Amino acid sequence: MPSISPAELEARLRLHVLPELGPRRLRKLLSAFPDASSALSAPGSAWRSLGLPAGCAEARRSPAIRERASASLKWLEAPARHLLMWDDPAYPGLLEELPDAPPLLFIEGDPSLLERPQLAMVGSRRASRPGLDNATAFARSLARGGFVITSGLALGIDGAAHQGALDVGGKTIAVLGTGLEQLYPRRHLGLAARIIESGGALVSELPLDCPPQAANFPRRNRIISGLSLGVLVVEASPSSGSLITARLAAEQGREVYAIPGSIHHPGARGCHQLIRQGAALVESVEDVLQALRGWQQGPAAPEAQRSEPMHPLVAQLHAAPMSSEALAGAVNQPLSETLAALTELEIEGVVVCENGRWIACTG
């Protein structure tokens with residue numbers, strides 16, 4: 001944190017929690033005054049002349065705003081809790097390039113990770129088993145290659161990506177769409193704790209007490225992509241918020257990668273749409289590592305590599321999920337033999353049956 005007075009720090013925190021004062025408006029306000037303390041004490045007419053909403057100026061001296069700023073100061077007293085601000089030399093350089101870069105970032109964990117080479121992984125909250133397996137396998141290999149895995153702590157692909165990095169002792173960053181005192185989803189409280197314990201970080205631009213609000217999740221996506229060298233979309237429908245992250249990444253000049261899937265799987269259509277729009281098609285982790293050559297900081301060990309030839313049934317299922325009968329016909333094998341082989345493969349964790357169709361596991 002830069003050398004600023006306690007009064008200036010409190011002023012910045014009070015400005016940060018004002019209603020209707022987003023990143024762009026806050027930067028506009030701060031650019032008009034020598035410091036946050038001056039902005040806070042300026043007459044309301046000065047704020048109005050900048051085109052700021054009346055609610056901002058009226059709320060700045062309220063006891064509630066003071067209390068929220070005080071709560072933030074108290075939160076920062078605990079170990080491993082940090083505040084990165086726009087004028088801090090440690091503010092991440094890639095994120096600083098954004099026109100709407102967050103003026104303040106609350107961080108729990110290791111703030112130095114934000115300057116490490118990162119690869120964002122995003123996708124559906126209602127991911128299929130193969131999608132989750134892909135996310136885990138890619139995260140493991142990329143983390144082994146020295147990349148920090150950045151995602152949004154959501155259910156589905158996000159959680160699998162974080163967990164994959166943790167599985168191999170890698171580092172991962174979770175960017176939240178809530179305040180750090182309002183972790184969401186609650187089912188990932190344990191995962192959030194493991195991220196911090198393993199030397200990772202939780203990050204949010206929002207006030208610590210900010211609850212889950214729909215509008216804040218697309219907003220946090222620009223931070224996920226802004227921190228990263230590229231964004232890998234693992235599985236997504238055309239309406240998925242992951243496509244917002246991919247669009248923001250392209251606008252920010254980041255690389256966009258997408259894993260294709262079966263034409264019969266709705267969760268693959270968003271990835272196919274991205275590929276049609278110019279995203280790099282990814283079939284193995286090597287496709288990503290080759291594109292990011294020069295940033296890699298360690299040896300990669302792709303999970304997808306196999307020492308033995310792939311089982312014919314598994315090869316068929318990698319192309320598309322199939323019923324037992326369809327599989328038997330595809331490999332020209334009696335149904336009884338196919339069912340016996342599928343049972344063995346299921347015990348080995350290679351395939352799984354969902355809704356009457358067999359699916360290949362890639363993790």
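Trainee: How many aromatic pairs does the structure hold?
Mentor: Rings of Phe, Tyr and Trp (its six-membered ring) pair if their centres lie within 6.5 Å; planes under 30 degrees apart are stacked, over 60 edge-to-face, the rest tilted. The structure holds two such pairs. Trp75 is in helix H6 and Phe106 in strand E2, 31 residues apart. Helices (H or I, at least four residues) and strands (E, at least two) are DSSP runs, numbered from the N terminus.
Mentor: One caution. This is a predicted model: local features need pLDDT of at least 70, side-chain atom pairs pLDDT 80 or more, while totals for chains, interfaces and linings use all residues. Residues count from 1 along each chain as its sequence is written, and side-chain values use heavy atoms, without hydrogens and water.

Trainee: Are Trp75 and Phe106 buried or exposed?
Mentor: Buried means under 20% relative accessible area, exposed over 50%, partly exposed in between (1.4 Å probe, protein chains only). Both Trp75 and Phe106 are buried.

Trainee: Why is the pair of Tyr184 and Phe217 tilted?
Mentor: Their planes stand at 55 degrees, so the pair is tilted; the ring centres are 5.9 Å apart. Tyr184 is partly exposed, at 40%. Phe217 is buried, at 15%.

Trainee: Which residues lie on each side of strand E7?
Mentor: In a regular strand, side chains alternate between the two faces of the sheet. In E7 (residues 230–233), Gly230 and Leu232 lie on one side, Val231 and Val233 on the other, and all are buried.
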